[in-house]
Amino acid sequence: MFAIFRKETTGFFSSLTGYIVIIVFLLINSLFMWGLPGEWNILDIGYAGLDTLFLLSPWIFLFLVPAVTMKMIAEEKRLGTMELLYSKPVTERGIVYGKYLAAVTLVLLALVPGIIYYISVYYLGETPGNLDKGGTAGAFIGLFFLAAVYASAGLFASSLTDNQVVAFIIAVILCLFLYLGFDAFAYLPGLRKIDEFVIGLGINEHYKSMSRGVLDIRDIVYFTAVVIMFNEATRMVLLSRKHEKRNWISFGTTIIAVVLAVFAVSFLKIRADLTEDRRYTLSEPSRKILSGIRNDIFVQVWLDGEMPIPFKRLKRSVGEMLDEFRIYSGRKIDYDFINPSESDDPEKRDALYQSLLEKGLNPVNIQDSDPEGGSSQKIIFPGMIVNYNGIEVPVNFLKNNPTLTAEENLLHSAEGLEYELIQPIATLSADTVYRVAFIEGHDEIAEVGVADIIFHMARFFTVDRGVIGGTPGILDKYAAVVIAGPRKEFSESDKFVLDQYIMNGGKVLWLLEEVNVDSDSLVTGETAAIYRPLNLEDQIFRYGARVNPQIVQDVECAQIRLILSSGGVRQQPVSVPWLYFPLLTPNPGHPITRNINRVKGEFSNYIDTVGLDPNISKKILLSTSATARTLSPPFFISLREAEMFPDERSFNKSGLPVAVLLEGVFPSAFRNRLTGNLVNDESVRVRNESVPTRMIVVADGDIIRNEVRRSGNLETPLPLGQDRYTLEMFGNRDFILNSLNYLVDDNGIMELRSRELKLRLLDSKEVKTRRAFWQIVNIAGPVLLVLIAGALFGWLRKNKYTKP
């Protein structure tokens with residue numbers, strides 16, 4: 001067998017054809033990866049990675065591998081040297097596997113000059129070496145298995161004929177069918193019920209995960225099984241001249257054993273994610289939820305068509321994540337990418353846009369550059385609709401923080417994909433839906449003022465509104481309660497009900513202020529800030545926080561529209577900074593606030609954490625910038641302040657907390673107090689200490705309030721956190737939703753928001769200034785290596801076989 005292996009490898013490189021095949025393969029790869037502009041060009045993509053190589057290789061291998069294998073048996077038949085081989089002390093299996101190993105080796109040798117690609121990307125990184133070495137190694141392993149299958153199929157094709165060209169054509173068709181044919185057949189009407197099984201028979205389903213650095217024992221066994229079956233089929237073609245029945249029995253036994261092995265291994269879930277940041281490793285909570293799905297889920301991803309390269313990468317990340325979800329759900333999740341702009345009919349296209357808007361997907365306007373140097377406006381919908389049992393839930397997965405670069409926003413979008421996907425799936429597939437109550441009776445924000453957040457909460461919760469009424473146990477059926485901007489004092493009986501609700505494990509989102517500012521009065525140009533206690537001070541103090549009755553001013557603030565006058569002449573409306581509307585900084589290290597936009601506050605107070613109770617953990621979620629100050633009531637607030645330049649020297653307070661998370665075991669606010677007058681039912685047990693629970697205290701009730709557009713008697717709520725003039729989207733909605741999801745999260749899903757991926761970019765300056773150099777190195781370099789290797793090989797053969 002080794003002699004056959006050596007004969008095939010030396011014979012390949014002894015002819016000019018072998019070098020031409022390898023050079024053509026390398027040139028095609030190099031031109032796509034480094035020369036031709038577009039989404040395949042590494043320099044245009046701007047990311048440090050060899051993804052293009054692993055995406056192109058299945059297609060280029062379709063021609064390279066058959067070119068290597070086409071003559072291995074066909075030429076032996078044509079020349080009549082097969083009979084000579086049969087006369088040697090070597091079995092048909094030895095012939096097949098000797099030639100097969102030679103074919104695989106030759107294909108792998110064709111890849112060796114591609115090491116120049118790896119070295120180039122390594123040194124082109126923004127930080128040298130800033131590429132995923134583990135993921136790249138895993139993808140090369142996948143490339144090896146792909147070449148192994150193609151080689152076995154090509155060898156089989158070569159055994160069917162004595163014509164090299166015919167063998168080449170058969171091999172190309174056979175490899176193409178293995179790669180894509182089963183995917184196409186799976187969608188035939190008669191195969192719908194077994195479509196997943198049919199797709200699993202093809203190469204593409206198994207190569208996809210390996211090409212991104214994830215090795216699965218089922219994929220490895222699949223590739224090995226296909227290689228064995230093709231090689232055994234080739235052996236049977238060689239044995240057909242003997243017409244012995246036992247050969248067919250042996251062949252049948254081998255095939256049955258291979259199929260049984262694949263079937264047995266299909267129940268094993270042994271996977272190795274070789275990527276350095278474990279990009280494709282789902283968390284334990286996600287795997288648990290996915291394994292418990294009982295009905296099929298269909299996901300429509302509205303991100304397809306022509307768009308900038310970074311969004312195409314995001315699309316691929318979404319597809320890769322959905323593939324992982326499919327695997328762990330037992331193929332119960334299916335998906336499709338849809339182009340919302342596909343229709344040429346403007347009316348149909350606009351109607352679809354409106355439909356997606358109504359379903360809750362947020363459009364994004366982008367500038368797309370064309371090769372001629374021009375640009376055009378395009379609308380894309382970076383979101384998806386999750387369909388389960390007739391229920392549709394929108395998911396917007398694009399993070400659009402204006403303070404970050406486009407690359408950082410897209411990276412954060414990829415980081416949050418697992419959470420954004422698993423959250424609606426967990427809600428839709430759960431047996432029960434959490435209930436959340438908005439407390440009324442203390443002049444809280446009216447329902448129209450929180451309509452937007454209630455609409456989005458309905459994706460996850462059943463939402464109620466109601467008064468406590470001093471009734472013990474009335475809140476026990478709720479997973480969490482929201483106290484949104486009360487303006488009147490709480491009675492002792494209501495405080496007691498809230499306290500005992502917390503003691504029994506209830507969660508509370510407090511949004512309140514100790515200073516009252518009537519914003520509506522500002523229309524006249526001036527209003528007053530007045531201290532307004534809510535009778536909750538002692539209770540929240542006992543839990544570990546204190547809302548200070550002082551208003552925060554921040555140099556980093558939102559803007560308002562004012563009509564200014566100069567010389568008695570009214571000017572056009574202009575946007576001016578309003579120090580009373582601070583843009584609060586989210587804590588980047590906590591799942592609630594990671595990767596959300598800054599949160600807009602209005603007349604915010606600030607919080608002190610108090611007490612040294614080791615049973616209570618305190619984490620700051622929102623805080624002011626480094627240039628803030630506080631004002632104590634009473635004082636007047638005038639719109640004329642917006643026309644004045646602030647003296648930044650007086651803004652000397654940094655990072656004032658405005659939202660705090662409290663977790664742990666809380667003491668009762670009514671400990672050591674007589675509660676007989678508060679409890680009418682003697683069966684009610686009064687607890688002095690809570691079970692482990694959570695609460696969030698926010699010193700600004702307006703964070704949850706959406707603006708309302710009024711037209712006559714019609715009131716239309718605007719999106720929470722959206723500036724009505726600039727349309728900039730602040731992080732208010734995400735903060736509230738994340739806070740509630742975190743409070744009721746019992747399975748650790750919210751921790752997925754802490755996931756961090758490394759941004760792997762090329763050095764843009766190096767790419768721009770030395771682009772031609774790197775193109776020459778990577779297009780001419782691999783070819784030059786092949787020519788040098790060929791010259792060296794020829795020189796060695798000449799020295800070996802030339803007589804002295």
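Helices here are DSSP runs of H or I with at least four residues, strands are E runs of at least two, and both are numbered from the N terminus. Ile-439, for instance, sits in strand 9 (residues 435-440). What you're looking at is a predicted model, where local features need pLDDT of at least 70, side-chain atom pairs count only at pLDDT 80 or more, and totals for chains, interfaces and linings use all residues. Residues are numbered from 1 along each chain as its sequence is written, and side-chain values use heavy atoms, with hydrogens and water left out.

**Overall picture**

- The protein has 25 helices and 27 strands.
- Its C-alpha atoms fill a box of roughly 110 × 70 × 55 Å along the principal axes.
- Of the 804 residues, 52% are buried, where buried means under 20% relative accessible area, exposed means over 50%, and partly exposed is in between (1.4 Å probe, protein chains only).

**Inside the fold**

- Ile-439 is buried, at a relative accessible area of 2%.
- Ile-439 and Val-482 are 43 residues apart in sequence, yet their C-alpha atoms are 6.2 Å apart in space.
- Helix 19 (residues 417-429) has 13 of its 13 residues buried, so the rest of the structure largely encloses it.
- The end C-alpha atoms of helix 19 are 18 Å apart, which agrees with the 18 Å its 13 residues should span at 1.5 Å a residue; that expected span is 1.5 Å times one less than the number of residues.

**Salt bridges**

- The whole structure holds 40 salt bridges, each one a side-chain nitrogen of Lys or Arg within 4 Å of a carboxyl oxygen of Asp or Glu.
- Glu-392 pairs with Lys-359, with the closest N and O atoms 3.6 Å apart. This pair links distant parts of the chain, with Glu-392 in strand 8 (residues 391-396) and Lys-359 in helix 17, 33 residues apart. Glu-392 is partly exposed at 39%, and Lys-359 is partly exposed at 32%.
- Arg-465 and Glu-440 meet in a salt bridge at 2.7 Å, N to O. Arg-465 is in strand 10 (residues 462-467) and Glu-440 in strand 9, so the pair ties together parts 25 residues apart in sequence. Arg-465 is partly exposed at 23%, as is Glu-440 at 26%.
- Lys-619 and Glu-663 also form a salt bridge, 3.6 Å from N to O. With Lys-619 in strand 21 (residues 616-623) and Glu-663 in strand 24 (residues 657-664), parts 44 residues apart in sequence are tied together. Lys-619 is partly exposed at 33%, whereas Glu-663 counts as buried at 14%.
- Salt bridges with shared partners join a network whose members include Glu-205, Arg-212, Asp-323 and Arg-331.

**Surface patches**

- A patch takes residues with over 30% relative accessible area and no salt bridge, joining like charges within 9 Å and nonpolar side chains (Val, Leu, Ile, Met, Phe, Trp, Tyr) within 5 Å.
- The nonpolar patch, whose members include Leu-16, Phe-32, Trp-40 and Leu-55, has about 810 Å² of accessible area together (Shrake-Rupley method, 1.4 Å probe, with only the protein chains shown as cover for residues).
- Helix 2 (residues 16-35) gives the largest share of the nonpolar patch, seven residues. Ile-28 is in helix 2 and is partly exposed at 34%.
- Glu-342, Asp-344, Asp-345, Glu-347 and Asp-350 form a negative patch. Asp-345 lies in the loop between strand 4 (333-337) and helix 17 (346-359), and is partly exposed at 31%.

Technical notes: Lys, Arg positive; Asp, Glu negative; His and termini not counted. Charge placed at Lys NZ, Arg CZ, Asp CG, Glu CD.
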